[in-house]
Amino acid sequence: KKKLRQFRHSKKEKHERERIEKMRIEIQENEKQRLELVRAEKIRIEQLQLEQLRLEQTRLKKIQEENERETLENIQKLRIQQEELLKKNQEELIRQKQVEEERLERIKIAEIEKL
């Protein structure tokens, strides 16, 4: 009877030890899965950040290209304005020269008439 009780007791202990070992293994597996999920989430976040950086780079490149295009257009406009001003200045110089020549011509005529 005593042996039977000891046998049952040892059987219960063995069963309890097996149950504890199963739980320990299950806890380890759960922890592994949790760590894998954490790693996967970190990777996903890094990929999203990289994608955001690529999009921002693309946006900035487009802005830069637009600025360069506007700069070239402005340079072209300034060149045209400069050419127009140069032309007007040349025309004004020619007009002033003609006025001066006419004035000198009148002075010559006046001096000749005095004689």
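## Exposure classes

A residue is buried under 20% relative accessible area, exposed over 50%, and partly exposed in between. R59, at 43% relative accessibility, therefore counts as partly exposed. The model is predicted.

L37 has 62% relative accessibility, so it counts as exposed. R17 has 51%, so R17 counts as exposed too. Across the chain, buried residues make up 0% of the 115 residues.

## Overall shape

The chain has one helix and zero strands. Its radius of gyration is 49 Å, well over the 13 Å that the globule rule gives for 115 residues, so the chain is more spread out than a compact globule. Along its principal axes, the C-alpha trace spans about 170 × 15 × 5 Å.

Helix α1 covers residues 2-114. Two C-alpha separations show how the chain runs. L37 and L104 are 67 residues apart along the chain, and their C-alpha atoms are separated by 99 Å. For R17 and K77, 60 residues apart, the C-alpha separation is 89 Å.

## Surface and charge

The chain exposes about 12000 Å². Carbon and sulfur atoms supply 56% of that area. The chain carries 32 positive and 27 negative charges. The mean positions of these two sets are 21 Å apart.

## Salt bridges

The structure holds twelve salt bridges. One of them joins the side chains of E31 and R34, at 2.7 Å from N to O. Both residues lie in helix α1, three residues apart, about one turn of the helix. E31 is partly exposed at 35% relative accessibility. R34 is partly exposed as well, with a relative accessible area of 42%.

E56 and R59 also meet through their side chains in a salt bridge, at 2.8 Å from N to O. They are three residues apart in helix α1, so about one helical turn separates them. E56 has a relative accessible area of 34% and is partly exposed.

R69 forms a salt bridge with E73. The closest N and O atoms of this pair are 2.2 Å apart. Both residues lie in helix α1, four residues apart, about one turn of the helix. R69 is partly exposed, with a relative accessible area of 37%. E73 is partly exposed, at 37% relative accessibility. Salt bridges that share partners join E66, R69 and E73 into one network.

Notes. Residues are numbered from 1 along each chain as its sequence is written. This is a predicted model: local features need pLDDT of at least 70, side-chain atom pairs count only at pLDDT 80 or more; totals for chains, interfaces and linings use all residues. Side-chain values use heavy atoms; hydrogens and water are left out. Helices (H or I, at least four residues) and strands (E, at least two) are DSSP runs, numbered from the N terminus. Buried means under 20% relative accessible area, exposed over 50%, partly exposed in between (1.4 Å probe, protein chains only). The radius of gyration is taken over C-alpha atoms; the globule rule is 2.2 Å times the number of residues to the power 0.38. Accessible areas come from the Shrake-Rupley method with a 1.4 Å probe; for residues, only the protein chains shown count as cover. Lys and Arg count as positive and Asp and Glu as negative; His and the chain ends are not counted. The place of a charge is taken as NZ of Lys, CZ of Arg, CG of Asp or CD of Glu. A salt bridge is a side-chain nitrogen of Lys or Arg within 4 Å of a carboxyl oxygen of Asp or Glu.
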